[in-house]
Amino acid sequence: MKDKINELKKEFEVKVNEIKTMKELNDLKTLYLGKKGPVAELSSMMRELSVEEKKEFGSLLNGLKQELNLSINNVRARLEEEELNRRLESEKIDITLPSTKVNFGSVHPLTKVIDEIEELFISMGYDVVEGPEVETDMYNFEKLNLPKGHPARDAQDSFYITEELLLRTQTSPVQARVMDANTEKSSIRVICPGKVYRRDDDDATHSHQFTQIEGLVIDKDISLAHLKGTLEVFAKKLFGEDREIRLRPSFFPFTEPSLEVDVSCSKCGGSGCPVCKGTGWIEILGSGMVHPNVLRNCGYDPEVYTGFAFGIGPERVAMLKYGISDIRAFYTNDMRFLNDFNRVEGSDK
Ligand code: DAH
């Protein structure tokens with residue numbers, strides 16, 4: 001009996017040490033400790049033994065069971081640890097792997113320039129006012145001293161919707177709207193940003209839709225000197241102290257006298273290129289003293305009030321500031337172009 005137990009123990013130890021999986025371990029346990037296994041068989045043999053023998057054999061058999069269970073538990077613990085290590089290895093997070101790129105949007109270069117211009121004029125006490133893009137012929141032209149049949153209308157080839165309605169060709173109608181709306185007929189200081197539309201063929205410097213920022217100052221004793229001073233502040237702030245500026249006499253029906261402001265071309269530095277059409281200068285705004293007829297059309301007495309007005313082209317300003325050679329780049333949403341401006345404000349990146 002004793003020999004049998006020792007033999008069984010040895011045999012079991014060899015087998016249990018070869019175990020690789022939980023399933024194998026459970027099968028082995030059933031094989032040796034199950035109802036039909038050798039241990040159960042030995043137990044059933046007890047019946048035929050004497051009381052004395054039973055005592056001795058019984059304790060040997062219990063010892064055998066305990067040892068087998070201990071071995072099984074040891075192997076189970078080893079297998080569980082191996083399994084845990086395998087999972088830790090396979091589920092390990094590699095923090096050195098490059099992560100998914102997060103894309104940030106950014107302020108459009110044109111919007112940036114418009115914001116900058118707005119901030120400048122707000123700092124000088126101007127209000128920002130907007131007007132409708134679908135405008136009446138009355139405000140877009142008539143109130144601005146451009147009656148029907150006036151030759152200057154041809155310079156702004158328009159998208160008419162009806163005889164009386166059109167897509168505004170300029171932001172100047174907002175001037176007239178602000179003056180009309182001022183029932184007290186008191187002083188005014190506003191800028192009016194917005195989109196305008198013209199039946200132009202698109203090329204590097206023209207677009208059928210673009211933006212303008214209108215400026216209007218009305219008060220007693222406003223003179224050309226105020227206009228010049230304001231434009232100088234504007235040009236220096238936007239383009240830097242070192243940029244050259246040129247004022248040219250010009251003509252607009254709604255101003256008298258009228259003048260145009262040019263800035264030296266950033267692309268060629270003044271020698272002439274396609275951006276400046278070979279002149280070395282880029283026109284950035286038209287301006288002048290508000291025509292007495294316009295004041296009168298909007299209920300102001302030109303004997304009491306005078307004023308100046310200007311119309312800025314933000315696209316031209318942005319092209320100059322950032323060295324952009326084609327106006328169409330602002331509208332086509334090409335990511336390669338936009339990414340050039342994809343910088344967080346205030347960062348050095
Ligand atoms: N409205 C003019 C244009 O679109 C620009 C302009 C010129 C606006 C002179 C003004 C001004 O207010 O005084 O060409």
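Is Leu231 buried or exposed? Leu231 counts as buried, at 6% relative accessibility; buried means under 20% relative accessible area, exposed means over 50%, and partly exposed is in between, with a 1.4 Å probe and protein chains only. This is a predicted model, in which local features need pLDDT of at least 70 and side-chain atom pairs count only at pLDDT 80 or more, while totals for chains, interfaces and linings use all residues. Residues are numbered from 1 along each chain as its sequence is written, and side-chain values use heavy atoms, with hydrogens and water left out.

**The ligand and its surroundings**

- The ligand is surrounded by 16 residues, and the closest are Gln170, Ser172, Arg198, Gln212 and Glu214. A residue is near a molecule if one of its heavy atoms lies within 4 Å of it.
- By class, this shell has four nonpolar, ten polar and two charged residues. Here Ala, Val, Leu, Ile, Met, Phe, Trp, Tyr, Cys and Pro count as nonpolar, Asp, Glu, Lys and Arg as charged, and the others, Gly among them, as polar.
- Four elements each supply at least two residues of the shell: helix H7 (172-181), strand E5 (209-219), strand E8 (281-290) and strand E9 (306-312). Helices (H or I, at least four residues) and strands (E, at least two) are DSSP runs, numbered from the N terminus.
- The ligand sits in the largest pocket. On a 1 Å grid over the protein atoms alone, a pocket is an open set of points with protein on both sides within 12 Å along at least five of seven lines, where a 1.4 Å probe fits. A molecule sits in a pocket if more than half of its atoms lie within 2 Å of its grid points.

**Polar atoms at the ligand**

- A nitrogen atom of the ligand is 2.7 Å from an N or O atom in the side chain of Gln170.
- An oxygen atom of the ligand lies 2.9 Å from a polar side-chain atom of Gln175.
- For Ala309, a polar backbone atom is 3.2 Å from an oxygen atom of the ligand.
- Taken alone the ligand exposes 360 Å², and the protein buries 92% of that. Accessible areas come from the Shrake-Rupley method with a 1.4 Å probe.

**Thr211 in strand E5**

- Thr211 is found in strand E5 and is buried, with a relative accessible area of 10%.
- The side chain of Thr211 makes a polar contact with the side chain of Glu315, at 2.8 Å. A polar contact is a pair of N or O atoms within 3.5 Å; within protein, one must be able to donate a hydrogen and the other to accept it, and residues adjacent in sequence count only if both atoms are side-chain atoms.

**Backbone exceptions**

- Most residues other than glycine have a negative phi, and most peptide bonds are trans.
- The peptide bond from Glu256 to Pro257 is cis, with omega near -5°, and Pro257 is in strand E7 (residues 255-264).
- Lys185 has a positive phi, near 55°, and is found in the loop between H7 and strand E4 (188-197).
- Asp221 is not a glycine, yet its phi is positive, about 65°. Asp221 lies in the loop between E5 and helix H8 (224-239) and counts as exposed, at 67% relative accessibility.

- Leu231 is in helix H8. The C-alpha atoms of Leu231 and Ser287 are separated by 9.2 Å, and these residues are 56 apart along the chain.
- Ser99 is in the loop between helix H4 (51-90) and helix H5 (109-123) and counts as exposed, at 68% relative accessibility.
- Ser99 and Leu166 are 67 residues apart along the chain, and their C-alpha atoms are separated by 52 Å.

Key
1 Å grid on protein atoms, 1.4 Å probe; cavity = no way out; pocket = protein on both sides within 12 Å on 5 of 7 lines; lining within 4 Å.
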